[in-house]
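Open your viewer and get ready to select residues. Each stop tells you what to pick and what is there.

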Amino acid sequence: MLAAMPRRTLLLIAFLLAGWTFGLLDSRIPMPSSSGVFWVGNLGAPWLVLPFLAGWIAPSRQRALLGGALTCVAAMVGFFGPGSGWGPASLFFVASWVGIAVLAGGLYGLFGFTWGRSRTLLDGLALAVPFIVEPLAWSWGFGYSQGRLPIWSVELAVGLMLLVWVVVASRRRAMATTRAGT
């Protein structure tokens, strides 16, 4: 049966499973009395990577939008699903996060789709910048510096590596396009 499925469908299913697994694993990070581990489970930027990648492999904008949204929703289902401790009383809270997942996942699916075809700087920056802004916003803007420097430093380092990769890939694409046009 799997052999009869188109490759893109299998990839979408793989992204849905990866999203669900990511959400499930993220929900298993304990909320200890030490808030250091708590913050690892509350980083937002990593939630955007799988929808971006799902869009990157999509054959069309519509499928990128759908694949990104479904991947992010799958992550939310993994996070808030059975065994997570979220009951009917928190349905509105969970529904609001699923709504955010549809919007953010769809948007990042589109960013990934465009990045995969043109390497435009803006689309690449959409992936890298949250990893840079989030630690700064939480530690400076919202007053949560609470000694989480190792966590913020790792996220910031990932963001800076992504930023370098995005800029280099975007410039290479621009130079190749310029050479091909002359």
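Which residues in α1 meet which residues in α4? Select helix α1 (residues 7-27) and helix α4 (residues 61-80). Helices here are DSSP runs of H or I with at least four residues, numbered from the N terminus. In α1, pick out Leu 12, Phe 15, Leu 16, Gly 19, Trp 20, Phe 22, Gly 23, Leu 24, Asp 26 and Ser 27; they meet Gly 67, Leu 70, Thr 71, Ala 74, Ala 75, Val 77, Gly 78 and Phe 79 in α4. Contact means heavy atoms within 4.5 Å. Colour these residues by type: eleven are nonpolar, six polar and one charged. Gly counts as polar here.

This is a predicted model: local features need pLDDT of at least 70, side-chain atom pairs need 80 or more, and totals for chains, interfaces and linings use all residues. Residues are numbered from 1 along each chain as its sequence is written, and side-chain values use heavy atoms, leaving out hydrogens and water.

Next, select Arg 8, Thr 9, Leu 12, Phe 15, Ala 54, Ile 57, Ala 58, Pro 59, Arg 63, Leu 66 and Gly 67. They line the second largest pocket (an open set of points on a 1 Å grid where a 1.4 Å probe fits, with protein on both sides within 12 Å along at least five of seven lines; lining residues have an atom within 4 Å of a point). Helix α1 gives the largest share of this lining, four residues.

Last stop: Ser 170, in helix α7 (residues 149-181). Ser 170 counts as buried because its relative accessibility is 12%, and buried means under 20% with a 1.4 Å probe, protein chains only. Leaving aside neighbours within four places in sequence, Ser 170 is in contact with Trp 115, Arg 119, Thr 120 and Leu 121.

Definitions and conventions
Axes are lines fitted to C-alpha atoms, for helices over the stretch in contact, and angles run from 0 to 180 degrees between N-to-C directions. Helices (H or I, at least four residues) and strands (E, at least two) are DSSP runs, numbered from the N terminus. Buried means under 20% relative accessible area, exposed over 50%, partly exposed in between (1.4 Å probe, protein chains only).
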